[in-house]
Amino acid sequence: MILRTRLRTAATAIAFTASAAVFSPAIAQDAVPSPSPAPQAQTQSFDDQKLQAFTVAFLAVSDVKEQYTKRFQGASSDNDKQQVQAEATQQMEQAVEKTDGISVDEYNQIIQSAQTDEALAQKLNGMIGETAKARN
């Protein structure tokens, strides 16, 4: 239950905040949250296989976000928006769960680490760009 709640928080933030309003291969450099200026506390290291799995999951989550953003914006009431958001979050969770080589918890850890580790954020941005190009 805690794991699912953590993913919902991360997925909702990715999907519906202004800073992550548009994800596309053309702007992959904006895809991973920019590191905050806070000092690096505990930096985790992730191997390239884990980061590649993250990249695949991130792009799948981005695809789900794109599908639901218009529905969310077009929702006529707060209740409708909440329903669209809940459905989108569930689909994002499933997108991560279907990706080989990464768990929901690991996905969240990488997102959190990229917010404070500039080198990791830059590496992920490059990987996301390359993977997005390869998909097209």
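The buried residues of helix H5 are covered by, among other elements, helix H2 (48-74) and helix H4 (104-114), where helices are DSSP runs of H or I with at least four residues, strands are DSSP runs of E with at least two, and both are numbered from the N terminus. The residues concerned in H5 are Leu120, Ala121, Leu124, Asn125, Met127, Ile128, Gly129, Thr131 and Ala132, with buried standing for under 20% relative accessible area, exposed for over 50% and partly exposed for what lies in between (1.4 Å probe, protein chains only). This is a predicted model, in which local features need pLDDT of at least 70 and side-chain atom pairs count only at pLDDT 80 or more, whereas totals for chains, interfaces and linings use all residues. Residues are numbered from 1 along each chain as its sequence is written, and side-chain values use heavy atoms, with hydrogens and water left out.

At its N-terminal end, H5 is capped by Asp117, a side-chain oxygen of which lies 3.1 Å from the backbone nitrogen of Ala119; a polar contact is a pair of N or O atoms within 3.5 Å, of which, within protein, one must be able to donate a hydrogen and the other to accept it, and residues adjacent in sequence count only if both atoms are side-chain atoms.

| Helix pair | Angle | Distance between axes |
|---|---|---|
| H2 and H4 | about 95° | 10 Å |
| H4 and H5 | about 115° | 7 Å |

H2 and H4 pack at an angle of about 95°, which means that H2 is roughly perpendicular to H4, on a scale where angles under 35 degrees count as roughly parallel, over 145 as roughly antiparallel, 65 to 115 as roughly perpendicular and the rest as oblique. Their contact (heavy atoms within 4.5 Å) is made by Lys50, Leu51, Phe54, Ala57, Phe58 and Val61 of H2 together with Glu106, Tyr107, Ile110 and Ile111 of H4. By class these are 8 nonpolar, no polar and 2 charged residues, given that Ala, Val, Leu, Ile, Met, Phe, Trp, Tyr, Cys and Pro count as nonpolar, Asp, Glu, Lys and Arg as charged, and the others, Gly among them, as polar.

H4 and H5 pack at an angle of about 115°, and there the contact is formed by Ile110, Ser113 and Ala114 of H4 with Leu120, Ala121 and Leu124 of H5. This contact comprises 5 nonpolar residues, 1 polar residue and no charged ones.

In helix H3 (residues 78-97), the buried residues are Val84, Ala88, Thr89, Met92, Glu93, Ala95 and Val96. Glu97 of H3 counts as partly exposed because its relative accessibility is 45%, and its C-alpha atom is separated by 8.4 Å from that of Ala57, 40 residues away along the chain.

Arg71, placed in helix H2, counts as partly exposed at 40% relative accessibility. When its neighbours within four places in sequence are left aside, Arg71 is in contact with Val84 and Glu87.

For the chain as a whole, there are 5 helices and 0 strands, and buried residues make up 39% of its 136 residues. Among contacts between residues at least 6 apart in sequence, 83% join residues at least 24 apart.

Terms used. Axes are lines fitted to C-alpha atoms, for helices over the stretch in contact, and angles run from 0 to 180 degrees between N-to-C directions.
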